[in-house]
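Here is a short tour of one protein model, written to be read with the structure open beside it. Please follow along in your viewer as we go.

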Amino acid sequence: GERVAFSSEKLRTSFTRPLHKRPVPTALVDDAITSIEQKILGLGLREIPSREVGEMVMQELAKLDKVAYIRFASVYRSFQDANDFKDVLREVE
């Protein structure tokens with residue numbers, strides 16, 4: 001509910017944590033971050049909900065690496081039990 005200035009570094013962290021020890025080239029991560037930043041700028045809004053940014057990160061992670069996507073989703077969506085993981089696994093398949 002609070003307002004926070006956009007941070008490219010925070011966006012990068014959203015990728016580096018779930019991609020830790022995954023075989024994804026840095027150049028592809030940089031491209032994904034640039035894509036999100038361009039989408040945000042393209043909206044032409046002064047403010048954007050963090051939820052929207054999180055969804056954009058999830059979309060890009062899904063393209064880059066399925067394991068990283070699941071890692072991010074488990075934290076982002078606050079998985080409560082194994083069924084939550086099963087649901088996301090079905091999405092990925």
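Let us start with His20, which is partly exposed at a relative accessible area of 49% (buried means under 20%, exposed over 50% and partly exposed in between, using a 1.4 Å probe and protein chains only). His20 lies in the loop between helix 1 and helix 2; helices here are DSSP runs of H or I with at least four residues, numbered from the N terminus.

A word on the model itself: it is predicted, so local features need pLDDT of at least 70 and side-chain atom pairs count only at pLDDT 80 or more, while totals for chains, interfaces and linings use all residues. Residues are numbered from 1 along each chain as its sequence is written, and side-chain values use heavy atoms, with hydrogens and water left out.

Lys21 sits in that loop between helix 1 and helix 2 as well. Lys21 counts as exposed, at 74% relative accessibility, and has a positive phi of about 65 degrees although it is not a glycine.

Buried in helix 2 are Val29, Ala32, Ile33, Ile36 and Ile40. Seen down the helix axis, the buried residues of helix 2 fall within an arc of 95 degrees, so they line one face; the arc is that of the directions from the axis to the C-beta atoms. An α-helix has 3.6 residues a turn, so residues three or four places apart point the same way.

The buried residues of helix 2 pack against helix 1 (8-16) and helix 3 (50-64). On the other side of helix 2, Gln38, Leu41 and Gly42 are exposed. Helix 2 is followed by Gly44, with a positive phi near 70 degrees.

Now look across to Glu60, which is found in helix 3. Glu60 is buried, with a relative accessible area of 7%. Leaving aside residues up to four places away in sequence, Glu60 touches Phe15, Ala32, Ser35, Ile36 and Lys39, where contact means heavy atoms within 4.5 Å.

**Two pockets**

A pocket is an open set of points on a 1 Å grid over the protein atoms alone where a 1.4 Å probe fits, with protein on both sides within 12 Å along at least five of seven lines; lining residues have an atom within 4 Å of a point. Each volume is the space filled by probe spheres set on the points, which are joined across faces, edges and corners.

| Pocket | Volume | Lining residues by class |
|---|---|---|
| Largest pocket | about 910 Å³ | 13 nonpolar, five polar, six charged |
| Second largest pocket | about 180 Å³ | four nonpolar, two polar, two charged |

In these classes, Ala, Val, Leu, Ile, Met, Phe, Trp, Tyr, Cys and Pro count as nonpolar, Asp, Glu, Lys and Arg as charged, and the others, Gly among them, as polar.

The largest pocket has a volume of about 910 Å³. Of the 24 residues that line the largest pocket, Val4, Ile48, Pro49, Ser50 and Val53 are the closest to its centre. Helix 1, helix 2, helix 3 and helix 4 (66-76) each supply at least two residues of this lining, and the largest share, four residues, comes from helix 3.

Around the second largest pocket you will find Thr13, Ser14, Arg17, Pro18, Arg71, Phe72, Val75 and Tyr76. Helix 1 and helix 4 each supply at least two residues of the lining of the second largest pocket, with the largest share, four residues, coming from helix 4.
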